Structure formats: C-alpha cells, structure tokens
Amino acid sequence: MNKEKKSKISVISLVLMLLCVSFMAILQTNAANTTDYENLLQYEWPVAGADAGRTHFSAGPAPNSPDILWKKAMPTINFMSPVAFNGNLFVGQGSNLLALDPFTSEIVYNVTVPSIPDRICTIMNIFKIDDTQIGVVIGSSGSYPTTSSLWALRIHNIADGSNLWSDPDPKVASLRSGLLNCANYVEEEKMLYVAVGNETGRGSFAAGSSGKILAWDISDPRSPSLKWTYLSDGVIGDWGTNFVYGEGKLWPDGSAHHQPCLDAKTGQILWDTELTGIRTYQGTYYEGKLLRGLLDNTFVALDAKTGQILWSFNPGTYGFWCSGTSAAYGMVYCTNVDGNTYALDVETGEVIWTHWAGGLYYPGHIQIADGKVYVCTSQANPSPITPESSHSEYSCLDAYTGKVIWKVQGLEFTAGPIDTTCIAYGNFYGFSHIYYGGNGDFICYGSPKDWTNFLGDSTHNAVGYGGPTDPALLWEFKTNGAVISSPAIVDGKVYIGSYDKNWYCLDARTGAKIWNFTSEYRIRSSPAVANGKVYTGADDGYVYCLDADTGQKIWEAPTPGYWIHILTGTTVEYRGSPIVVGNNVYVGALDGKIYCLNANTGNIIWSLQTTGAIISTPTHIAGDGLYFTSVDGYVYKLNPETGNIIWNASTPIGIEISMMGSPAVGDGKVFIGSGAAGGSPAGIGQFYCLNATTGDFIWTVDQLPGSGQLQPIWSMLYLEGKVFHGDFFSFDCRNATNGDLIWSTFLTREHYGSPAYADGKFYVPSDSYGIYVIDAETGDKLSYFRTGPVQSSPAIYEGKVYFGSCDWSVYCLEESSVGTTYYSSQDQSLVSDQQLELKEAAEPETSIEQEEPETPETPTDPEEPQTPTEPEETATESALITTETAITAVVAIAAIIGAVSLYVIRKRK
C-alpha cells in the first residue's frame with residue numbers, strides 16, 4: 001500500500017474516531033441531563049438526622065409536591081427514623097431488618113436480627129458503618145425496679161442482611177420504650193455513642209435519675225470495644241434525645257440546666273455552660289455553633305469551641321421548643337408549642353420567618369433539602385390556651401421565605417419528637433400515624449404525577465396530590481379568547497387550547513409561553529400528551545400531533561366534525577378530546593364516529609359510526625374495554641383493539657337528551673349523567689349506573705334535585721364507593737351502590753366543567769365566576785377563588801390547580817401563605833456556595849419570556865366574540881440544543897478537521 005493511500009486511510013480513521021468520540025460525548029451529556037435512578041442514588045441518608053451534626057439536611061433534590069410514588073402498609077413498624085444508603089432503604093419491623101427498593105417499596109431482604117436472650121427485642125437504630133457493613137442497635141423494654149431495659153449492638157452485611165457480629169454482653173438501657181433513637185454513629189471517629197441507664201437500671205423520667213453515655217470504638221466492626229463512659233447528672237437517652245457531633249466534640253442531650261461538651265475520643269469534659277432552661281431533645285452542630293432549644297422557651301447558639309453563648313432568642317409566647325433542630329442555608333429551623341415554625345439567622349438569632357398553621361405539641365423533626373423545609377405544621381391537639389382543637393397537617397415550605405409550597409391535611413409524619421422521616425435519592429420518605437411502634441403507612445413522595453389528558457389519565461379518575469385548601473394566584477396567562485379547554489400537564493409544561501384558535505404550551509411554574517400552534521377554528525377540546533407528543537381534538541375537523549417541546553406539527557388526520565355541529569340538537573361548547581393508550585389514539589368527533597388512530601402516523605386503524613355526535617372523551621380501562629357516549633343517547637363499550645361493540649345501552653331519551661359526559665368506571669360499574677330540556681319524556685337530569693360487564697341498568701336517578709331546564713354535560717368521578725358530580729345548582733355525593741344521596745352542597749347556577757380531587761378536597765368549577773374547594777367527606781365549602789366563568793375542568797400538578805376561564809385566561813393557583821410572616825432579607829454571604837447553587841437549581845428558570853397577545857376589550861355581546869389578534873404562527877424555538885443539531889455540528893467539525901488533516905499531509909509531500 002502506497003503512502004498516499006495510507007495517509008487517506010489515516011485521515012478517514014481519524015475522522016471516524018472523532019465522530020465516534022463526539023457522538024459518545026453527546027450520549028453521555030444527554031444521559032447526564034436526565035434525572036435517573038443512578039444519579040439519584042448518590043444522595044444518601046446514612047444515619048438518623050442525616051449526619052453526625054444532626055443538620056437534617058440533604059444536598060440532593062427533593063419533591064416539589066406531595067405526589068405519592070408508593071405507599072406501603074407497615075404493621076408493627078418501629079419507633080425510628082428510616083435510613084438510606086447503598087441504593088436501599090432500611091427500616092426496622094419488630095426485630096426484623098428490612099431493606100426496601102426506594103423507588104418501588106419492594107422488599108430486597110427481610111432478616112431477623114439476633115435477639116437478647118429471654119427478651120422481646122426491637123430494632124431502635126440503624127446506621128451505615130461503611131460500604132459493606134450496617135450497624136443495628138436493638139433494645140428491650142422493661143419495668144423498673146423489677147426488670148431493666150437492655151440494649152445490644154449487632155453488625156450485619158449490607159448486601160444480604162446476614163449477621164456478622166453480635167454483642168455478647170447486653171447493656172442497661174433507659175427504661176422508657178427501650179432506646180428509641182438514642183444512638184449516634186460518627187463515621188469520622190469510627191465511634192458509636194449510645195445513651196443508657198445507670199447500673200441500677202434507672203435513667204429515665206420514670207425513675208427520675210441519671211444515665212450514662214457509652215462510647216464504642218467500631219474501627220474494627222467485627223470486634224467493637226467500649227472506649228469510655230460518661231455519667232450524666234440529668235436524664236439522658238429518653239424521648240428522642242440524642243447526641244450531636246462536630247469538630248471532634250460531642251454534646252449530649254439531657255434534662256439538666258447546663259450544656260456539657262465532651263471530647264469525642266476520650267469523653268473528657270472540654271467545657272460546660274450554664275443554661276436558663278433544660279436542654280430539650282436534639283440540637284444541631286452547624287457552622288461552628290451548637291444550636292438548640294430549651295424548655296423555658298429560649299433558643300441558644302453556643303460557640304462550639306468555647307461554649308460561649310453567642311445569642312439567645314425567646315419568642316415570648318406560651319410555649320417551648322418541642323422538637324430537634326435542623327440547619328442549612330445560614331438558618332436554623334425549629335418548631336414550638338406556640339404553633340409556629342421558626343427560621344432564625346444562625347449568626348444573629350434574628351427571626352427570618354415564622355409559619356403558623358395551628359396547634360403543635362410534639363411535631364417530629366424538620367428535614368431540609370433542595371431549598372425546601374419539610375415539617376409537621378399542625379397536630380390534632382387541643383390548644384393549651386383556647387378550647388379549640390387544631391388539625392393534622394404536614395407542609396413543605398420555602399426554606400428562605402417560609403412560603404407554603406404544598407401541604408397535606410390529615411397527615412403528621414410524626415411520633416412525638418422522634419425522627420420518622422428522611423430525604424434520600426430525590427424522594428421524601430416517612431412513616432405516617434406511627435405511635436409507639438404501632439401500625440401505619442410508609443409513604444414515599446417522589447416525582448410529580450403527570451396529568452396527561454382530560455380528567456387526568458385514560459381512566460378519568462381526576463385524582464391528583466396536594467392541592468391548595470386556601471388557593472392564591474401563582475400566575476395568570478392571557479389569551480385572545482375564552483378558554484374552556486382543560487389543561488394537560490406533563491414534565492413541567494401546561495398544554496391547553498383557546499377560542500383564539502391556538503394551542504399553547506406554558507411553563508407550569510411561571511406561566512411563561514413556550515410555544516403556540518394555530519389551528520383553523522376555535523378550540524373547545526382538551527389535549528392529550530404522551531411520549532413527547534401532543535394530540536389535539538378535532539375542533540377544525542383534524543386531529544393534530546405536535547412535538548411537545550417545540551409545537552411543530554408531526555402529522556394531521558382528518559376526522560370531520562366542525563361542519564355538522566348544528567346536528568347535535570343543542571348548543572355545544574365542548575368537543576371530544578383524545579386519550580392515548582400504547583400506540584393508539586382514541587377520539588370522538590361530531591361526525592358521530594369514534595376513531596382509533598396510529599399514534600405515530602395518524603393513520604386510521606378503525607372507526608365506529610354512531611347515530612349522533614360524540615362530545616364525550618372515551619374512558620379506557622386496561623384489560624376491560626373502551627367506554628364512551630354519543631348524543632344518540634347510547635352508552636357504548638368497545639374492544640379497544642378492534643372497535644367491535646361489546647355492548648351498548650340505550651338511555652330513556654327524548655331528542656333533547658345530551659349524552660356529553662365521559663363515563664366514570666369503578667367497582668364493576670359505569671356511571672354517566674345526561675340531561676333533558678323541560679317536557680322531555682325522560683324527565684330532567686338523569687343519572688345512570690350500569691353493569692360494566694353486561695351494560696344492564698343497576699339503578700337510575702330520574703331527576704337530580706337542582707337540574708333546572710338545562711342539559712348538563714359534566715362527567716362524574718368515582719372514588720372509594722362514592723360518586724361525585726355537579727348538577728345545575730349543587731355539587732353532590734352519592735352512594736355508588738344504590739345512588740342514594742349522601743350530601744349535596746348548594747353552590748350556584750350552572751356547572752359545566754367536571755371536578756378534580758386531591759387529598760380530601762374537590763375542586764369544582766362554576767360558570768358563575770370561579771372555582772370552589774369542597775371537603776370530600778362532608779361537602780363543606782372550604783374556600784372559593786373568583787375568576788371569570790369556568791367551564792374548563794381543573795388539573796392538579798405539583799400541588800397546584802390549573803384551569804382555563806371564559807375571561808380568556810389560564811390560571812395556576814397555589815396554597816396561600818396565610819400564617820407565614822417574613823421578617824427580613826437574609827445576608828446571602830452567610831450561605832455556602834453549594835447551598836446557593838441548590839437554591840438556584842430549585843428556582844424555576846424564566847429564560848423564555850411570556851409573549852402575551854394584546855387583549856381587546858371584553859365583547860358586550862357574548863354571542864359575537866371579537867376576532868382575536870393572531871399570535872405568531874410559528875412555535876418559539878427551543879432554548880435547548882437538540883441531539884440532532886449537536887450531531888450535525890459534530891459531523892461538520894469532524895469534516896473540517898479531516899479536510900485540514902488531509903491538506904497538511906499533502907503539503908508535507
């Protein structure tokens with residue numbers, strides 16, 4: 001082979017190598033930009049309190065909403081904090097050590113920890129020793145003076161839970177409930193510090209005497225040894241008290257009016273500071289300070305080296321500091337019996353913000369991550385001052401301002417002042433309703449649940465998580481026409497249509513417009529989003545498939561509809577909306593056909609002709625069938641793969657009947673409502689329940705009490721044996737078994753939109769200007785938010801409510817921050833660079849500016865809306881470089897490099 005050929009081959013090889021390397025770099029970059037399990041596993045919670053300083057802080061991401069990733073019933077769960085490391089969650093259940101998959105709750109292993117002879121033992125503390133070994137502290141209860149409580153240490157293999165070493169000499173523990181969480185492993189020192197009773201078996205409030213601290217050297221986990229002991233002059237090791245470590249020092253808790261500081265290696269007292277009150281529960285070491293609350297309602301910051309009191313704060317309220325402290329972002333956080341959560345500046349003790357939601361007593365520990373504070377803000381306890389009782393509530397607050405991000409009522413995640421929650425792997429984990437080792441649920445809050453189409457998903461259960469009890473406006477986006485379309489929300493983007501003929505994509509957190517797509521007619525249907533694509537209804541006679549990121553059209557499919565709308569027999573505002581199941585798109589049209597389209601191409605797979613327009617959105621139940629209604633008065637059940645009719649049921653109709661609602665399916669039943677004008681043979685406002693297998697009628701409500709003279713077009717919701725629906729004036733709850741009315745709440749006239757549900761609340765749209773929040777159990781009106789007429793059905797995402805209004809706007813409502821007081825602007829110089837980066841990452845990007853079309857004056861005649869100003873016809877270009885663009889750039893660069901290389905080689909010749 002001659003040199004010229006070799007040179008050419010070398011150049012070609014070089015170019016190919018550059019292409020491969022560049023392409024791999026692109027793939028790696030794209031992978032790095034994707035939040036996946038592997039990236040999240042680095043964010044561990046290896047000990048109770050997150051670290052030996054008990055900051056309760058995670059450097060990783062954390063949920064923006066109370067969307068439940070999984071919920072697992074945990075009978076006889078232990079009175080302790082879950083911990084997370086080596087890709088698993090670890091909890092105790094009696095004397096059993098459980099390792100769980102953090103993303104599915106599946107049990108990885110369940111092993112029994114060796115017990116203390118002749119004792120019933122409970123796992124009280126779990127901690128990570130190193131990458132292969134896990135420490136377990138077990139305790140047994142006893143009653144003074146006959147039998148003392150004992151504790152013992154066990155070492156296990158992290159990989160399979162097998163026991164590697166067991167302490168042959170159990171030690172005396174505090175009397176009340178064994179050990180609780182009274183142990184702290186410090187990886188830096190390779191030491192385990194445990195609170196125990198004294199030699200008589202005492203060492204608790206019950207016995208009223210002192211206890212001891214034992215320091216165990218675990219540098220060799222197969223042969224731990226006692227290194228030193230410290231005898232306290234106050235009760236230690238009881239009710240969630242613990243040890244705080246920092247700078248080689250150890251600060252024990254205990255019921256005494258002074259704070260000792262011990263050398264962590266020797267146990268010798270380095271300093272001892274007198275306090276004004278008993279040191280309660282757990283403190284925190286943070287930025288060179290020991291931070292803790294006292295029983296006299298004073299909060300103190302002590303210099304970690306000298307013990308000097310740097311500042312103290314007393315709110316002057318009827319209370320005391322009733323939980324351990326937490327610290328991050330230059331602030332220390334703690335709750336008080338006065339009902340407030342406090343954020344104090346760690347340098348000055350200045351109050352940054354407070355949040356009050358009701359009565360508190362023992363709210364558990366605050367956890368911090370991702371610029372957010374997770375805290376029990378209220379418990380169902382009587383007030384110590386008034387005869388009123390408060391409610392249970394758990395909240396996520398902005399760590400910098402105290403603003404409410406979300407809250408869930410009826411939930412506490414607490415068991416006295418004990419840790420029962422942690423933040424790891426990007427998720428929040430907590431034991432709910434756990435009291436003294438009782439039964440409860442282990443709940444994981446994770447990524448927000450997408451609201452993919454009309455009424456949530458293809459089953460139309462319209463169930464979200466969180467949702468405001470007292471809604472406040474987060475943002476409003478103005479279009480050039482009425483918005484009766486209902487939003488879909490996926491991956492932080494809101495998709496919705498308007499009468500101004502545009503489909504919009506908005507940033508869910510800011511309301512900024514990302515793109516718009518212009519159709520040929522006013523948009524009345526709602527979108528469906530799946531696999532990076534947006535599918536629209538057939539408002540202008542076409543179903544469109546759009547790119548979800550850019551708004552560019554991928555395909556369009558003719559599904560005639562607009563031209564025969566007069567044949568529906570009524571003035572119809574809504575249009576049928578699509579759902580996506582697998583590779584199929586199902587959508588009804590005004591030509592009386594239900595269509596099944598290929599989701600990738602738009603090709604018609606099958607269609608079924610009915611004898612009336614199809615206004616409803618089909619409901620798909622996996623393994624069962626596809627349900628929909630037609631204005632011809634029939635309810636249909638089809639085979640979703642073939643379009644063959646399984647059954648169709650005729651409702652007792654006159655020509656005025658409007659079968660427009662989408663069927664609700666649950667517990668083997670189908671629920672559907674229709675309406676009729678006055679004088680109809682069928683009466684006014686029918687409500688039907690059919691057998692989902694046969695289509696036979698189970699029961700019928702002949703007349704809804706407030707139906708008036710209008711054909712309702714709402715859809716029902718089925719939830720836990722009840723059916724919820726609107727009628728002309730009211731919002732009702734019925735027994736799903738027989739249709740009996742459970743409660744009815746008068747709201748106001750005309751309810752066209754359908755409700756959505758989240759955490760015991762319904763969000764009910766009203767054509768009489770606004771949206772109601774209704775208690776799902778009682779029907780009580782909790783609150784109301786006024787807008788223009790609302791015919792759009794609300795969507796719930798990240799604890800917020802989204803909907804459109806006939807006043808031409810799209811709204812996003814969040815929980816109001818009533819009860820939060822922000823006092824001052826914190827000096828950002830106090831915040832570490834890492835924490836500032838976390839704060840910036842937690843804040844939504846607003847690089848895409850909202851381009852609001854000019855809003856003309858509201859038309860005086862609602863029947864003749866003004867012609868809207870057309871927004872830009874092309875979609876806004878995405879701010880992100882696509883993979884295809886990057887590859888093109890790499891190819892071009894490689895070609896240039898190859899050409900230059902070839903030129904150099906030839907030049908050398």
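**Exercise 1. Which residue takes a positive phi in the hairpin of β62 and β63?**

*Solution.* Start with the turn: three residues lie between the strands β62 and β63, and Tyr 769 takes a positive phi near 75°. Strands here are DSSP runs (E, at least two residues), numbered from the N terminus. Next, look at the pairing: β62 (residues 761-766) and β63 run antiparallel over six bridges, where two strands pair if DSSP finds at least two bridges between them. Within this pair, Phe 762 stands opposite Ile 774 of β63.

A word on the model before we go on. It is predicted, so local features need pLDDT of at least 70 and side-chain atom pairs count only at pLDDT 80 or more, while totals for chains, interfaces and linings use all residues. Residues are numbered from 1 along each chain as its sequence is written, and side-chain values use heavy atoms, with hydrogens and water left out.

**Exercise 2. Follow β63 to its other partner, and state how many of its residues are buried.**

*Solution.* First, β63 also pairs with β64 (residues 781-785), in the antiparallel sense over four bridges. Ile 774 stands opposite Lys 781 in β64. In this hairpin, with five residues between the strands, Gly 779 takes a positive phi near 85°. Finally, five of the six residues of β63 (770-775) are buried, meaning under 20% relative accessible area with a 1.4 Å probe, protein chains only.

**Exercise 3. Why does Ser 519 count as buried, and what is it in contact with?**

*Solution.* Locate Ser 519 in the loop between β40 (513-518) and β41 (528-530). Ser 519 counts as buried because its relative accessibility is 5%. Its side chain reaches the backbone oxygen of Tyr 521 at 3.1 Å. Leaving aside neighbours within four places in sequence, Ser 519 is in contact (heavy atoms within 4.5 Å) with Lys 501, Asp 540 and Tyr 544.

**Exercise 4. Describe the open sheet of four strands.**

*Solution.* The order is β49-β50-β51-β52, with antiparallel pairing. At the edges are β49 (619-621) and β52 (645-650), each pairing on one side only. β51 (residues 634-638) and β52 share five bridges, and Tyr 634 stands opposite Ser 650 in β52.

**Exercise 5. Where does pLDDT stay under 50?**

*Solution.* Begin with the chain: mean pLDDT, the predictor's confidence in each residue from 0 to 100, is 78, and 74% of residues reach 70 or more. Values stay under 50 over residues 434-438 and over residues 706-711. Where pLDDT is low, the predicted coordinates should not be read in detail.

Terms used. Buried < 20%, exposed > 50% of the residue type's maximum accessible area, 1.4 Å probe, protein only. Polar contact = N/O pair within 3.5 Å; in protein donor to acceptor, adjacent residues only side chain to side chain.
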